[in-house]
Amino acid sequence: MKEKLLALKEEAFALIENTSDKKGLQDVKVKYLGKKGPITEVLRGMGKLSKEERPVIGALANEIRQAIELVIEQKQTKLQEELIQAQLESETIDVTLPGKSIKTGNAHPLTSIIEEIEDLFIGLGFSIAEGPEVEQDYYNFEALNLPKDHPARDMQDSFYITNEILMRTHTSPVQVRAMKKHQGEGPVKIICPGKVYRRDTDDATHSHQFMQIEGLYVDKKVRLSDLKGILTVFAKKMFGEDRDIRLRPSFFPFTEPSVEMDISCFKCGGHGCSVCKHTGWIEILGSGMVHPNVLEMAGFDSTVYSGFAFGMGPERIAMLKYGIDDIRHFYTDDVRFLEQFKRA
Ligand code: 2NL
């Protein structure tokens, strides 16, 4: 009997040792310790044993039962630990792997350029003014010294809604409206960014809809030298501190005198290259002293007040700055173009 019990113990131990899952352990437990198992059977058959044998075999059977229970428990703990370990290993995160980047959009290059110019002029004491894109003939032309049937209107062929209403051809009407609001009292110091429209055929350098930023400073004793100073700061901030500027005589119906502003070439420094067409200079904007007729029509006494105004095309500035060869890139929304202007 004793040998049989010891053999059972060895058999159970070996089975437990070779079991690799919970289910298997449960099976072993039922097989050896269950109600119909061999140990229970031994205990049940105790009655047949002699008085001397009974306590010895009983104790041994209980001892073996406890030993098997303990070994099962230990194996169970071991299996559980192995399971957790395997899980930890399989779910390890490699923190050195590159992360999944989130696809983000970016500002349109024209938006960036306009915001850069706005910030620059805000720093010089200008405010931003906006106005309607569908405009009256009066604000777009007449108040700017461009009477009906004046030949200079041909420079800005327009989209008319009616005889008196059109898509604005420049942002100047916003400035006229601002001056009128001031009721003859200076200073007026604004920049006006926005969309403008002209009846042009689209090509690499023309678009029927484009952007403009105009600036206006009206006060007592504003002079051409003030304009030159402001434009010099603008040129240096926008195209580099080494830039020089030059003013060339020009004509606009709403300014007198009128000047074009060039900057020294930022590519070659003025020696001559393909960017400046071997002249050393790049044309940036048009400007001048506000025509007395324009001041008067807007309610300012032109013998007391004077002012300067300038107008530029953000497309041209962006094309120069980023080396873009076709204005249509700004308006055809090809992401391969737009994605190149993500700000760092
Ligand atoms: C250009 C030239 C210019 C102005 C715009 C202006 C506005 C008022 C009065 C006088 Cl209210 N002038 N604007 C003056 C000179 C030039 O723009 O070539 N822009 C792209």
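Hi everyone. Let me start with a term we'll need: a residue is called buried when its relative accessible area is under 20%. And please keep in mind that what you see above is a predicted model.

Is C265 buried or exposed? Its relative accessibility is 0%, so C265 counts as buried. C273 is buried as well, because its relative accessible area of 12% falls under the 20% cut-off.

Now, a disulfide is a covalent bond between the sulfur atoms of two cysteines.

Let's move over to the ligand. It has 16 residues around it, and those that come nearest are Q175, E214, G286, A309 and G311. Two of these have contacts I'd like to point out. E214 places a polar side-chain atom 2.6 Å from a ligand nitrogen. G311 uses its backbone instead: a polar atom there is 3.1 Å from a nitrogen of the ligand. On its own, the ligand has 490 Å² of accessible area, and the protein covers 87% of that.

Which elements give two or more residues to this shell? They are helix 7, strand 5, strand 8 and strand 9. Strand 9 provides the largest share, with four residues. Sorted by class, the shell holds eight nonpolar residues, seven polar ones and one charged one.

Note on methods. Residues numbered from 1 in each chain as written. Predicted model: local features only at pLDDT ≥ 70, side-chain atom pairs only at ≥ 80, totals over all residues. Heavy atoms only, no water. Near = heavy atom within 4 Å. Polar contact = N/O pair within 3.5 Å; in protein donor to acceptor, adjacent residues only side chain to side chain. Areas by Shrake-Rupley, 256 points an atom, 1.4 Å probe, with all protein chains shown as cover. Nonpolar A, V, L, I, M, F, W, Y, C, P; charged D, E, K, R; others polar. Buried < 20%, exposed > 50% of the residue type's maximum accessible area, 1.4 Å probe, protein only.
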